[in-house]
Structures are given as structure tokens and as C-alpha cells.
Amino acid sequence: MLQSPTPKKRRRGRLFRFSSALVVLLAVAGYLVVQYVTGGRGGPGCKVVSGKDDGQEYEFSQEQTMNAATIAAVGTGRGMPERAVTIALATALQESQLVNIQHGDLDSLGLFQQRPSQGWGTKKEILDPTYAAGVFYEHLSKVDDYQQLPLTVAAQRVQRSGYPEAYAKHEPEATLLSAALTGQAAATLTCQGLPDSTQTAVGPDAVRAALVRDFGRTVLKETGAEVTASGSASKGTSKAKAESTPSPSASASGGSSTVTLPVRTGSTRTGWQLAHWAVANSSELHIERVSYAGREWAAGSADDPWHSTATKASGGVRIVTSQQGVEK
């Protein structure tokens, strides 16, 4: 005959179930925190190092680095100085860890945790990293003497955060990211660059579309990018214009295509910004190699530095993309 559990045994049972549930809850919470901090996507990582050879370096997920590259490109496209890019990156690091999250305090969203109810834009707009970065710069540009203000003060005048001092702790990593992603520090950003198998838009057209998305159409004038995927001048481009402004070429070999973005003489900083932007977007756009100014990056490891090439590229950034393994 089975006996009913005693009150003591029942208490033990409830305590055991409660403890088990608590362990599971903490495990789930820990997992969510890791996902939030690392960008919600495992796999390939990126590293930015100091251009001053002082050993300073920081690691980010590929998703975080791609969002950082967008923020930097939007700033450059608007003619904002490097200091503005640093402020924007430090702000996004504090607000979202450079992850385009769809939640936050109250109705806060996106990279900068902007609120639709406070006039920052619609939910769809705010979740567009290009828009979010643009509207941040729009507000920052209205802050008097923001370049001379401490970073945390400048960021707070835009964000109106409940924790205004928090932005300061991200200034060192934001400074290194900004130097690399604005082209100030050459060959300082590397990524593992493993292809994102979910992406179907790859190749020269995808590279060109992503450039326009992040930098704006002015980048086409800078690089002469008014071309088709085959490398010929776009319809409507006059012969005189094509001759006076170098156009990027795109050639295919096997499962790869090479896109060359011309860089005008004396615009080395622009060249390095484009090169680092390509590395940051390597997973998304299936970029295998990037070369510029006698240096080359190859997908495979975020720890591999840019290495010297036997011959210098003729004034342009060469981007080799792969179309293999992509669903059509």
C-alpha cells in the first residue's frame, strides 16, 4: 500500500522543483545576456587594433562591426568629423552594444535606443541602421561645440539618458573603431569573414547597393561607381565622364567576382575607409579578399593581420566576392 508523502517530503519536493526552475531561469537569462552582448549571432569575429603600435585592441562580432561600419559611413557621407563618429559609436556601444535590437526601455529601439513616441521616427525607420545613425548625427550637429565637449556630455545632450556618465567607458574602443572605419588608421581592422549562408544578395551588384546604402549616392561620385555589374559604364554615362572619372571594374572568374573601387590620388584615407568597410561587411557580402595600397586582407581569421602584397594595386580598393554556396 502506497503511503501519502509527509508534509516534510512535500516541502522538499517543492523546494527541489523551485530550485530546478531557478537554475533553468538563470541559464536562460545568462544565454540571453550573452546573445545581447555578442550580437545575437555566433561564429565569425572581428578585431580592431591601435594604429599606434601600443598593443591596444578590442574584439567584436561581425554583426557589431558591420553596424559600426554603417555608423561611420553615414557620418562620413554627411561630412561629419571623426570626433562625431567616435561619439556615435560610443553611444551605440552603450545603448545596444552595436546590435540592432527590437526592444528596450519603454518603446526604445535599435542601435541608439531611439523612441518613436519622442519623435525619432517610426519603428521601421529606427530599425534601419542607416536612418538611425543619420538622425543621431542630425541631432549631434545641433549641439554647440560638441567636438570640444567631453564625449559623455556630447552624447548625453543628444540622448537624454538616465545614466549620462555611462558613455565615457566606451570612448577607448569607440576611438579605435572610429580611426579604422574612417580610414585614419590603415590596416587596423580584421574579421574572420565566414560567409553568412542566409544571404542571397552577393556579388558586384550587392557590394554597390551596400555602398550606396551606407555612404549615400555621393560615394558613387567619389569612386566613379556608376557602372553595371559587368564593369561597363551605366546607361546614361557619357564617354567624356567615364574617361575623366575612373570607373570601378567588375570581372568574374569561376565562382568569384572582383570589384575595383578607384580612389583618387591623395585620398588614401578614403581608400582605407572603403577597405575596412568591405572587411566589416565581408560575412554579409561573401567577400573573400580585400586589397589596397600594397596590403591585403583574406577571410579566415580575425587574428591574421593585413599582409603586404607583391605588387601595389593601381590606386583602387580591390574586393573579391564569392557567389558559391548561395541559394538562388
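How do the axes of helix α8 and α11 cross, and within what distance do they come?

1. **Basis.** This is a predicted model, in which local features need pLDDT of at least 70, side-chain atom pairs count only at pLDDT 80 or more, and totals for chains, interfaces and linings use all residues. Residues are numbered from 1 along each chain as its sequence is written, and side-chain values use heavy atoms, with hydrogens and water left out. Helices (H or I, at least four residues) and strands (E, at least two) are DSSP runs, numbered from the N terminus.

2. **α8 and α11.** The axes of α8 (residues 204–215) and α11 come within 12 Å and cross at roughly 115°. Axes are lines fitted to C-alpha atoms, for helices over the stretch in contact, and angles run from 0 to 180 degrees between N-to-C directions. The two helices are therefore roughly perpendicular. Angles of 65 to 115 degrees count that way; under 35 is roughly parallel, over 145 roughly antiparallel, and the rest oblique. The crossing is right-handed. That label applies if the near helix is turned clockwise from the far one by less than a right angle; anticlockwise is left-handed.

3. **Who touches whom.** From α8 come V207, A210, L211, D214 and F215; from α11 come Q273, L274 and W277. Contact means heavy atoms within 4.5 Å. The set divides into six nonpolar, one polar and one charged. Here Ala, Val, Leu, Ile, Met, Phe, Trp, Tyr, Cys and Pro count as nonpolar, Asp, Glu, Lys and Arg as charged, and the others, Gly among them, as polar.

4. **F215.** This residue lies in helix α8. Its relative accessibility is 8%, so F215 counts as buried. Buried means under 20% relative accessible area, exposed over 50%, and partly exposed in between (1.4 Å probe, protein chains only). Not counting residues up to four places away in sequence, F215 touches A73, G77, Q273, L274 and W277. The C-alpha atoms of F215 and V74 are separated by 5.3 Å, though the two are 141 residues apart along the chain.

5. **α2 and α11.** Helix α2 (residues 62–77) packs against α11 (residues 268–280) at about 150°, with axes 8 Å apart. That makes the pair roughly antiparallel. α2 passes α11 in a left-handed crossing. Q62, T65, M66, A69, A72, A73 and T76 of α2 meet Q273, W277, V279 and A280 of α11. Seven of these contact residues are nonpolar, four are polar and none is charged.

6. **The sheet.** Three strands form an open, antiparallel sheet in the order β2-β1-β3. β2 (57–61) and β3 stand at the edges with a single partner strand each, so one side of each has no neighbour in the sheet. The twist averages 20° from one strand to the next. α7 packs on the sheet and touches β1, β2 and β3; its direction makes about 80° with that of β2.

7. **β1 and its partners.** Five bridges join β1 (residues 45–49) to β2; strands pair if DSSP finds at least two bridges between them. G45 stands opposite S61, and V49 opposite E57. β1 and β3 pair over three bridges, with C46 opposite C191. Four of the five β1 residues are buried.

8. **T188.** Look for T188 in the loop between α7 (171–181) and β3 (189–191). At 5% relative accessibility, T188 counts as buried. Leaving aside neighbours within four places in sequence, its contacts include V48, V49, H276 and W306.
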